[in-house]
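Could you walk me through this model in the viewer, one selection at a time? I would like to know what to click on next and what I will find there.

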Amino acid sequence: MTQSTALAQIIDGIALSQQLRADVARRVNVLKARGITPGLAVILVGENPASQVYVRNKVKACEDAGLYSVLEKYPPDLSEAALLARIEALNQDPAIHGILVQLPVPAQIDAAKVIEAIAPAKDVDGFHIASAGALMTGMPGFWPCTPYGCMKMLESIHFDLRGKHAVVIGRSNIVGKPMALLLLQQHATVTICHSATKDLKAITLQADLIVAAVGRRNLLTADMVKPGAVVLDVGMNRNEAGKLCGDVDFAGVREVAGYISPVPGGVGPMTIAMLLVNTLEAAERAST
Ligand code: NAD
């Protein structure tokens, strides 16, 4: 028996996100020529260090692509009523096409209420119940940026999902569940695994595609992957040295998989690119 020693091909989220961002910039110019500048409002409550980095990156990406963006920072003791009032004002503001409240919010604020306060037409994170319902029923709406980015990654390698077995590990409202629905929409046979799943390995070994979205380092190892499978790593963790890493044992799985997305440089940059796409599309929809 001969054994293949070829390493999996890397799905480069940096290169792909740059292409998408360049396309956004072109479409922004078309809108600007008609007197419309797509605008994103980013709200940060409190001083969570990771959130501060995320919002800075989002605002910078907007500026680079020619979108208007405003970052509103509020102290950690901001009341829920004050935040809801601010969201309502942004809902009415014609210069703002997308509203994003960086999660988590402090304990005195009900995140679900905040998400539902955002006008569905400006829900560029795709977390509103109306957006979730639209995704579930195949109606137009905003798809959550991370699973949307994963779909773009699959498109970039021309991965035909029809009839394939896709295994999503994780069932959160922002990644796992919408990911599964998007894959289903593309005619994959989808299995969702989660913290109560028994014998994860027996399931992942059947998968043509694995999306790992748990938040646990080395959750997926080479012995759990069918040769040639596509592996997308959504996880964001830190190793002992404090270095960013995903849920997948990259070095090991790379020897078995057909395609693999790295961390960093995989799904993360795609998430930001899709936020720009959603904001641009919110502006396009508002202008027609
Ligand atoms: P979450 O904590 O809401 O959900 C984690 C899921 O993993 C849960 O559904 C849980 O059931 C499942 N799970 C936990 N332990 C498991 C196990 N042993 N086996 C199988 N499933 C298990 O997290 P989330 O918000 O969905 O994020 C998941 C990961 O993705 C995190 O690391 C997060 O930081 C990362 N993330 C990355 C991006 C990005 O842009 N790259 C965006 C969002 C989230």
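Here is a short tour of a predicted model, with a few stops at individual side chains.

**Stop one: a cysteine in a helix.** Start by selecting C62, which belongs to helix α2, spanning residues 49-64. Is C62 buried or exposed? Its relative accessibility is 0%, so C62 counts as buried. Now show what surrounds C62: apart from neighbours within four places in sequence, the residues in contact with C62 are L40, L67, S69 and L276. P75 lies 13 residues from C62 along the chain, and 24 Å separates the C-alpha atoms of the two.

**Stop two: the aromatic pair.** W143 is partly exposed because its relative accessibility is 25%, whereas Y148, with a relative accessible area of 11%, is buried because it falls under the 20% cut-off.

**Stop three: charges over rings.** Select R285 together with F142. The charged end of R285 sits over the F142 ring, 4.3 Å from the ring centre. Then go to K164 and F159 for another such arrangement: here the charged end of K164 sits over the ring of F159, at 4.8 Å from its centre.

Methods
Residues are numbered from 1 along each chain as its sequence is written. This is a predicted model: local features need pLDDT of at least 70, side-chain atom pairs count only at pLDDT 80 or more; totals for chains, interfaces and linings use all residues. Side-chain values use heavy atoms; hydrogens and water are left out. Helices (H or I, at least four residues) and strands (E, at least two) are DSSP runs, numbered from the N terminus. Buried means under 20% relative accessible area, exposed over 50%, partly exposed in between (1.4 Å probe, protein chains only). Contact means heavy atoms within 4.5 Å. A charge sits over a ring if NZ of Lys or CZ of Arg is within 6 Å of the ring centre and within 35 degrees of the ring normal.
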